[in-house]
Amino acid sequence: MDTHKSMMAAGCDPLVCLQGKKTVVGAKQLKKALLNGRANQVFLAQNADPALTEPIEALCLQNQIKCAWVANMADLGHACGIDVGAAAAAVVD
C-alpha cells in the first residue's frame with residue numbers, strides 16, 4: 001500500500017485536535033468506530049506496526065475519513081491523555 005506517512009492533516013496538530021474531544025484509542029476500538037461511522041478524523045503513528053496501521057488507513061480511504069500521521073506512538077498516546085504509546089486514535093461523535 002502506498003502510504004503518505006510524511007504528510008500530516010493540513011493545519012492539525014494532534015495535540016490540539018485530540019485535546020478535549022471524545023476519542024477512541026487503539027486499533028481494535030478505532031476499527032469499530034470506523035465501521036460504525038463514528039470516526040471523524042484518524043491519527044496513526046509512523047513507528048507503529050504496519051500490520052496494525054495499514055488496514056486502518058485502508059478503511060479511512062474507503063470511508064473518506066481524514067487520516068493523519070504523527071511522529072511516534074508516544075506522542076500519540078500523550079495527545080490522547082494516556083501514559084502509554086498508541087498506534088492509532090480517532091476523534092469520534
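Let me start with a term: a contact here means heavy atoms within 4.5 Å of each other. With that in hand, we can say that among contacts in the protein chain between residues at least 6 apart in sequence, 77% join residues at least 24 apart.

Before going further, a word on where the values come from. This is a predicted model, in which local features need pLDDT of at least 70 and side-chain atom pairs count only at pLDDT 80 or more, while totals for chains, interfaces and linings use all residues. Residues are numbered from 1 along each chain as its sequence is written, and side-chain values use heavy atoms, with hydrogens and water left out.

Now the overall layout. The protein chain has four helices and four strands, where helices (H or I, at least four residues) and strands (E, at least two) are DSSP runs, numbered from the N terminus. Followed along the sequence, these elements give the pattern α-β-α-β-α-β-α-β. Of the 93 residues in the protein chain, 39% are buried; buried means under 20% relative accessible area, exposed means over 50%, and partly exposed is in between, using a 1.4 Å probe and protein chains only. The protein chain exposes about 5200 Å², and carbon and sulfur atoms supply 52% of that area; accessible areas come from the Shrake-Rupley method with a 1.4 Å probe, and for residues only the protein chains shown count as cover.

Next, please look at the strands, and in particular at strand 2, residues 39-45, where six of the seven residues are buried. Two strands are said to pair if DSSP finds at least two bridges between them. Strand 2 runs antiparallel to strand 4, residues 88-92, and five bridges join them; along this pairing, Ala-39 has Val-92 as its bridge partner, and Gln-41 has Val-91. Strand 2 also runs parallel to strand 3, residues 66-70, again with five bridges, and here Val-42 stands opposite Cys-67. Together with helix 3, residues 50-63, strands 2 and 3 make a right-handed β-α-β unit, right-handed in the sense that, with the strands pointing away from the viewer, the path from the first strand over the helix to the second runs clockwise.

Why do we call strand 4 largely enclosed by the rest of the structure? We do so because five of its five residues are buried. Ala-88, Ala-90 and Val-92 point one way from strand 4, whereas Ala-89 and Val-91 point the other way. Strand 4 also pairs with strand 1, residues 23-25, in the antiparallel sense over three bridges, and in that pairing Val-24 is the partner of Ala-90.

That brings us to the interior. A nonpolar core is a set of buried Ala, Val, Leu, Ile, Met, Phe, Trp, Tyr and Cys residues joined through side-chain atoms within 4.5 Å. The largest such core has 15 residues, and those with the most contacts inside it are Leu-30, Leu-34, Val-42, Ile-56 and Ala-90. Helix 2 (27-35), strand 2, helix 3 and strand 4 each give two or more residues to this core, and helix 2 gives the most, with four. A second, separate core has 14 residues, including Ala-89 and Val-91. If we leave aside residues up to four places away in sequence, Ala-90 touches Lys-22, Thr-23, Val-24, Leu-30, Ala-39, Gln-41 and Val-42.

What about the cysteines? The structure holds zero disulfides, a disulfide being a pair of cysteine sulfur atoms within 2.5 Å. Cys-60 is in no disulfide, and the nearest cysteine sulfur, that of Cys-67, is 4.3 Å away. Cys-60 is buried, with a relative accessible area of 1%, and Cys-80 also counts as buried, at 17%.

Let me finish with two single residues. Glu-57 and Phe-43 are 14 residues apart in sequence and, from C-alpha to C-alpha, 9.4 Å apart in space. Gln-64, by contrast, sits in the loop between helix 3 and strand 3, and Gln-64 counts as exposed because its relative accessibility is 74%. The phi of Gln-64 is near 55°, which is a positive value in a residue other than glycine.
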